[in-house]
Amino acid sequence: MAAGSDAPTALPPARLARLKRSRRSASHLPVALRTKALAQLLHHRSPEPGSTTTPAPGLPSPAPAPPAGDPHGDRVELALREAEAAPEPAPEAGPGCEELTLDHLLEIVAQLEYHTHPEDGVEICPLFLLGCCFSGACCPQHHTLLPYHWQLWQTASLPPGWLSVGPEAHETLERLYSDPERTLVRASYQGVAFDIDLVAMQPFTQSIEAALRRGQEEALCSTAEHSYQLNLRAGYQRNLATGTVRPLRARPAFRAPALLLPELRTLSGSLYLGPTPAPGPPLAQPYPETWVPLAPEQDWHQAPVAVEERGYRLIYGLFHKSLPESRYRLERVWRVQNPFLWDKYKRKQSHMSRQMSPEQRLRNERHLFHGTSAGAVPAICKHNLDPRLSGKHAALYGQGSYFARRASYSHRYAPPAEAGLRHVFLCKVLVGRSALGQPALRRPPALDPGDPASDLYDSCVDSLSDPQIYVVFDNDQCYPYFLLQYRELEEVVKVD
């Protein structure tokens with residue numbers, strides 16, 4: 001598939017005039033992967049105002065966003081705990097793998113040969129992505145790392161042809177292209193700036209084309225918050241609640257390399273794999289099995305979370321649930337290991353659980369975000385969050401440590417540091433029984449205000465029906481488990 005973009009008139013004739021995005025064909029994928037690929041073709045966006053892409057006819061509509069405390073949210077919490085308690089085992093070697101013949105080795109080398117073609121209309125080889133194309137350089141399709149690949153039309157070479165963009169530009173361009181709100185992207189090549197017209201790069205998806213071939217002119221679709229009537233023939237959508245009419249914009253759903261890792265053989269051993277932790281004796285329980293051994297003199301340690309870990313993928317999805325991939329890039333995830341703070345946290349959890357039912361114990365611990373500055377990260381990792389330092393920002397719900405269900409809220413309190421890097425913790429928080437917060441509170445209110453010896457609530461919230469913000473007043477109730485480093489995408493994409 002090819003697309004054009006208008007370059008500025010000052011662009012020299014030997015420079016770039018067009019940009020195209022190649023994709024893999026789903027026609028030869030296994031049925032399961034083909035179905036999954038079709039389900040990912042459209043990017044769904046719910047907020048108004050702005051254009052919204054909608055699912056093609058025949059594809060399932062996205063499920064509504066789960067409310068606080070619903071079974072889906074509980075499954076996410078449980079999955080995060082299980083990912084830390086039982087890390088994924090390394091794949092076992094198959095029988096006879098130590099007896100690879102020379103022919104087998106040549107086949108493996110052939111299927112790992114990356115190449116692209118300068119001609120127009122070339123798609124990405126789906127067999128290569130699955131690790132089963134052994135044609136090597138003779139394959140007429142692209143052999144690329146990812147199921148999308150961006151190229152520039154280069155007229156300076158003879159004959160003219162498509163030239164692949166720089167390695168870092170593929171993912172950035174794909175993120176921006178997957179955002180239905182964007183119509184232009186500012187890019188530069190060898191110091192020359194130009195605009196990429198994304199509107200001119202909007203092909204109909206295969207599913208919508210199939211619906212049109214069947215003669216369907218209208219369809220009803222919905223997102224988490226809105227319902228739409230689609231006129232596929234005229235190319236517009238109408239919001240059934242507000243009556244707003246906007247043009248249809250069909251974009252592919254962005255899938256990060258970290259999420260594609262379990263599916264694509266091309267990513268095995270690639271630059272997207274994190275460093276393998278050095279083998280060592282396991283830590284004594286009750287510390288998580290994912291922790292690496294610490295030296296006796298170490299109070300705490302930051303260990304990188306590899307992208308192939310299931311925990312990384314869960315954190316990635318939770319982070320980007322409110323901070324869109326088309327605007328933010330998660331650069332690194334660190335696991336904070338502090339045995340002293342962990343022991344305090346676990347003792348508090350055990351104490352709170354004594355009078356709780358099994359269901360209450362399950363809901364007691366939450367994974368919540370806390371934004372901070374780069375300079376405060378080492379102190380938090382060593383000493384934990386300190387409720388006594390509250391008040392630096394508005395303390396609307398009490399003078400304690402604040403945590404949020406959505407990363408977008410904590411993003412407000414994560415100022416950019418060097419090179420635009422921001423820092424947010426994903427913390428374990430014991431929320432227990434919650435009361436509605438008030439600015440003057442220095443501790444949670446009493447369960448029975450008339451009894452001086454009454455037990456206290458465990459935390460304060462912004463809303464009792466759908467809490468988004470939690471406040472705790474005892475730092476034993478929180479543990480800064482994961483440190484997330486991320487940045488906003490640059491306004492100008494360097495494609496060389």
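Strand 4 (residues 184-189) and strand 5 run antiparallel and are joined by 6 bridges; helices (H or I, at least four residues) and strands (E, at least two) are DSSP runs, numbered from the N terminus. Within this pair, Leu 184 has Asp 197 of strand 5 as its bridge partner. The model is predicted: local features need pLDDT of at least 70, side-chain atom pairs count only at pLDDT 80 or more, and totals for chains, interfaces and linings use all residues. Residues are numbered from 1 along each chain as its sequence is written, and side-chain values use heavy atoms, with hydrogens and water left out.

The two strands belong to an open sheet of 3 strands, with the order 5-4-19 and mixed pairing. Two strands count as paired if DSSP finds at least two bridges between them. Strand 5 (192-197) and strand 19 (492-494) are the edge strands, each pairing on one side only. From one strand to the next, the twist averages 35 degrees. Axes here are lines fitted to C-alpha atoms, for helices over the stretch in contact, and angles run from 0 to 180 degrees between N-to-C directions.

Helix 5 packs on this sheet and touches strand 4, strand 5 and strand 19. Its direction makes about 150 degrees with that of strand 19. Contact means heavy atoms within 4.5 Å. Helix 5 (residues 169-177) is mostly covered, with 9 of its 9 residues buried. Buried means under 20% relative accessible area, exposed over 50%, and partly exposed in between (1.4 Å probe, protein chains only). Helix 8 (residues 310-319) is largely enclosed by the rest of the structure, because 7 of its 10 residues are buried. Among them are Tyr 312, Ile 315 and Phe 319.

The largest nonpolar core has 73 residues, of which Leu 484 and Val 495 touch the most other members. Such a core is a set of buried Ala, Val, Leu, Ile, Met, Phe, Trp, Tyr and Cys residues joined through side-chain atoms within 4.5 Å. Strand 18 (residues 478-488) gives the largest share of this core, 7 residues. Beyond its neighbours within four places in sequence, Leu 484 is in contact with residues including Ile 315, Phe 319, Leu 330, Val 333, Phe 369 and Leu 426. Another core, of 9 residues, lies apart from this one and includes Ala 404, Tyr 409, Cys 460 and Phe 473.

The whole structure holds 15 salt bridges, a salt bridge being a side-chain nitrogen of Lys or Arg within 4 Å of a carboxyl oxygen of Asp or Glu. One of them joins Arg 363 and Glu 359 (3.6 Å, N to O). These two residues are 4 residues apart in helix 10 (residues 358-364), so about one helical turn separates them. Arg 363 is partly exposed at 27% relative accessibility, and Glu 359 is exposed at 51%.

Arg 388 forms a salt bridge with Asp 386, with the closest N and O atoms 2.9 Å apart. Arg 388 is exposed at 74% relative accessibility, while Asp 386 is partly exposed at 25%. Elsewhere, salt bridges that share partners join Glu 171, Arg 175, Arg 329, Glu 331 and Arg 487 into one network. Within this group, the side chains of Arg 329 and Glu 331 meet at 3.6 Å, N to O. Arg 329 is buried, with a relative accessible area of 15%, whereas Glu 331 is partly exposed at 32%.
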